Amino acid sequence: MTLRYFLLLLAPLGARAQTAAPPLPDTARTVRLPDVPVTGYGQRLPLRRTAAAIGVIDAQTIDRFNPAALTQAVNTLPGVRLEERATASYRLSIRGSTLRSPFGVRNVKTYYNGIPFTDAGGTTPLNLLDPAIIGRLEVVKGPGGSVYGAGTGGVALFETPAVAAGTARASAGATVGSYGLLRYGATAEAAGPTSAVRAQYAHQQLDGYRQQSNLRRDVLALDARTAAGDKTTLAAHFLYTDINYQLPGGLTRAQFEADPRQARPGAAAAPGTVAQRTFYASRTALLGLTHTYQFSDALGLETTLYGSGTAIRTPYLVDYERDTGLGLGGRTALRYRTALAGRVLRLQAGGEYQFGFVDGRSYANLAGTPGALRYNDEITTTTGFAFAQADYELPAGLFLTVAASYNRLHYNIERVSDALARPDAYRFQRSFRPEVSPRVALLKEFSPAASVYASVSTGFSPPTVEEIRPSDGSLNGGLQAERGVSYEVGARGGFFANRLRYEVAVFDFELRQTITSSTTAQGIAVFNNAGATHQRGVEAGLSGWLWQPADAPGAPGQGPRGLRAWASFAYNNFRFGSAYVGAGGDASGNRLPGTAPQTLSAGLDFSERTGFYLSPSLGHQASIQLNDANSAAAAGYWVYGARGGWRRTLAGHLAVNLFAGLDNAFDRRYSLGNDLNAFGNRFFQPAPGRSYYGGAQVGWAW
């Protein structure tokens, strides 16, 4: 009995998002878990029939943590790490892909409601998304190039909450907390038999744990769907974000230990981040339109077109950047289901195209205001790919997937500020050679409760605009695309009438021409190809109910009642290959910086019939290396937190949720999002100390 309950404590949050139990009959004592469909590589099949490592979190999962950030919720997925170097300055790593991301999200292809969210230049502005507008996140681990194009780090699929037919409700809420946290927002949504509309606004402000780290963000999201006919569905998604947050900068170990709340200090010849008033500010609008036409039950076509515009201001230590950008593009996929030799065959084919234009101007930074113009570049990026995939159901419960994509990318950079002085104005063009990214996967389903799979996939990741053109104005024309092959086997299923769910994946990712980063004395990130890496690991987890009463559904407005445990664990043996020349010289055989050898996330979910709930959790990260030479490391850490409250629907219409929470309960001093290979050993970006928050959400349903 002791061993059984110990095992039940180990469960991935990704699994618990996929296996939330539905209401049970009064006489039922087993937990019947729905077979949740996932998008995966476009198959849109049940998870048990998807031959890939996929993690899912939903709004219920996000609501178990501090509403101010997605970090804790995402980090419960094994093999996935979301870091926050400064307030709202996110960095996403899937199986070690953070190696080349000193700031921002790179090497991970991201979509928002099916709209390409990673721009044509390869960067994802994850800071534009507020946790409140996210209804679901699906993470595909490993290269997704066979269906999603460039990127060896994986794919992240964000979706806003769906509106159920017959729904009409409005809600509002607010949260206050430590370090000046203030959040408030409102939502209105309605849906009939054929149409649905949802509008949401979210505001967040924060003074910040450190000097020079306050934040203000306003997000407006509008979603609408309608059935324009028996075969046609139209959807529109609009997102507008106005964000401004300060950049405190990295600290040395001595500075971190003396006062983790300080910003990067300066000297007479090199002022610090406070004196230079470093910050990031942007205003971005995104509009996407999706048309779905179902020719027949077997054949359907889905096409998405989008446009985006953004204006960015960013004073760094030396320069002040002002960028204005425009993005256009779309994606289409034709899906067909038929039979071959009496077995189901699913086919899909399509393509994606993106165009980006940026007018990038760099000025001298005079204490947060632009000085003399340093240079002005016009950057044009075009990228696109075509893909095809076949999924065939073989005898004996076998499922075969074969897919491939053909990819193109072109950059054009013109330094227009030199046009008068140099008639042959500075111009750089780069077309990367066409890439074919195949994938083959085979899955064996033993029963509705158990399956195993194996896959081989390839991927490539060209350098982003920021990597070719760092902020010092130089041009890295020789930077090559990364290329790699991933081998993976995995299993998932359940025991004890699905009271216990498990998943495990073992992978070996061999990457060539690995791009790594380092920083200069001015804090400018520069990049180079340094050799090969071997990224091998194991991801595992379990989830299950420790206790659940016979009348599990409880009162209206509550989820399943009882006590549930979850945990996820990842072991990473990520090392540089032979003849690897890093920032500090020969790094052959060393550990990859920025990736922990082990991570663990675990917790409990308790709720009872009167509406009270409690979700304690813990997170652990082992010591990580901070540079290629492995001569500096950040200590491992454990952090503990909890969120609890009272949630109930009164009189069938009024939904009330009162909550409070605690993060970093033991005031652990650690760095979440270290600067790798940093000049002057300024590696550390301290995470907040102990913090509290509380709030209320009230809604009315008609």
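Contact here means heavy atoms within 4.5 Å. The model is predicted: local features need pLDDT of at least 70 and side-chain atom pairs count only at pLDDT 80 or more, while totals for chains, interfaces and linings use all residues. Residues are numbered from 1 along each chain as its sequence is written, and side-chain values use heavy atoms, with hydrogens and water left out.

View 1. Ala390 belongs to strand β21, residues 369-394; strands (E, at least two residues) are DSSP runs numbered from the N terminus. Leaving aside residues up to four places away in sequence, Ala390 touches Leu345, Arg346, Leu347, Leu400, Thr401 and Val402. Ala390 counts as partly exposed because its relative accessibility is 24% (buried is under 20% relative accessible area, exposed over 50%, partly exposed in between, with a 1.4 Å probe and protein chains only). Leu239 is 151 residues from Ala390 along the chain, and their C-alpha atoms are separated by 34 Å.

**View 2. An open sheet of five strands.** The strand order is β3-β10-β11-β7-β8, with mixed pairing. β3 (54-58) and β8 (115-116) stand at the edges with a single partner strand each, so one side of each has no neighbour in the sheet. Two strands pair if DSSP finds at least two bridges between them; β7 (residues 109-112) and β8 run antiparallel and are joined by two bridges. Tyr111 stands opposite Pro116 in β8.

**View 3. The second largest pocket.** Its volume is about 1100 Å³, taken as the space filled by probe spheres set on grid points joined across faces, edges and corners. A pocket is an open set of points on a 1 Å grid over the protein atoms alone, where a 1.4 Å probe fits, with protein on both sides within 12 Å along at least five of seven lines; lining residues have an atom within 4 Å of a point. Of the 42 lining residues, Thr39, Asn113, Gly114, Glu159 and Arg225 are the closest to the centre. Strand β19 (residues 319-340) gives the most to the lining, with four residues.

**View 4. Aromatic pairs.** The whole structure holds 16 aromatic pairs (rings of Phe, Tyr and Trp, its six-membered ring, with centres within 6.5 Å; planes under 30 degrees apart are stacked, over 60 edge-to-face, the rest tilted). Tyr293 and Phe295 are edge-to-face, 4.7 Å centre to centre with 70° between the planes. The rings of Phe495 and Tyr502 are stacked, because their centres are 5.2 Å apart and their planes at 20°. Ring pairs also link Tyr41, Tyr111 and Tyr148 into a cluster.
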